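Trainee: I am new to this structure. Please take me through one part of it closely, then show me how that part sits in the whole.

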Amino acid sequence: NDDLALLPKTILLARKTDQITTANFWILGFANIVGLTLVLIGALNPVGAIMYNILSDFLALLNSRRIV
């Protein structure tokens, strides 16, 4: 579509997407550090670590739903 009236809305969407992507980066980074720490101290076995990873990925997925 060549309608330039949509440009401001597109820019706002791009900014919001960037903010949410950055938030997801930090959410997953923090979750991975916590998960790795739990594994290293023996609080999580391999199956628990897998479940923890799936849940933290799901958290970032839910956070991404804010884009639309």
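Mentor: Start with Asn24, which lies in helix α1, residues 7-40. Keep in mind that this is a predicted model. Is Asn24 buried or exposed? Its relative accessibility is 10%, and buried means under 20%, so Asn24 counts as buried. What does Asn24 touch? Leaving aside residues up to four places away in sequence, Asn24 touches Ala60, Asn63 and Ser64.

Now look at helix α2, which covers residues 46-64. Pro46 lies in this helix. Pro46 has a relative accessible area of 64%, and the cut-off for exposed is over 50%, so Pro46 is exposed. Pro46 and Asp57 are 11 residues apart in sequence. In space, their C-alpha atoms are 17 Å apart.

Val47 is also found in helix α2. Val47 is exposed, with a relative accessible area of 57%. On the surface, Val47 forms a nonpolar patch with Ile50, Met51 and Ile54. Together these residues have about 400 Å² of accessible area.

Step back to the whole chain. The chain has 2 helices and 0 strands. Its C-alpha atoms fill a box of roughly 55 × 15 × 15 Å along the principal axes. The radius of gyration is 17 Å, whereas a compact globule of 68 residues would have one near 11 Å. Buried residues make up 12% of the 68 residues, and Asn24 counts as buried. The accessible surface of the chain comes to about 5,700 Å². Carbon and sulfur atoms account for 72% of that surface.

How values were computed: Residues are numbered from 1 along each chain as its sequence is written. This is a predicted model: local features need pLDDT of at least 70, side-chain atom pairs count only at pLDDT 80 or more; totals for chains, interfaces and linings use all residues. Side-chain values use heavy atoms; hydrogens and water are left out. Patches are made of residues with over 30% relative accessible area and no salt bridge: like charges are joined within 9 Å, nonpolar side chains (Val, Leu, Ile, Met, Phe, Trp, Tyr) within 5 Å. Accessible areas come from the Shrake-Rupley method with a 1.4 Å probe; for residues, only the protein chains shown count as cover. A salt bridge is a side-chain nitrogen of Lys or Arg within 4 Å of a carboxyl oxygen of Asp or Glu. Helices (H or I, at least four residues) and strands (E, at least two) are DSSP runs, numbered from the N terminus. Buried means under 20% relative accessible area, exposed over 50%, partly exposed in between (1.4 Å probe, protein chains only). Contact means heavy atoms within 4.5 Å. The radius of gyration is taken over C-alpha atoms; the globule rule is 2.2 Å times the number of residues to the power 0.38.
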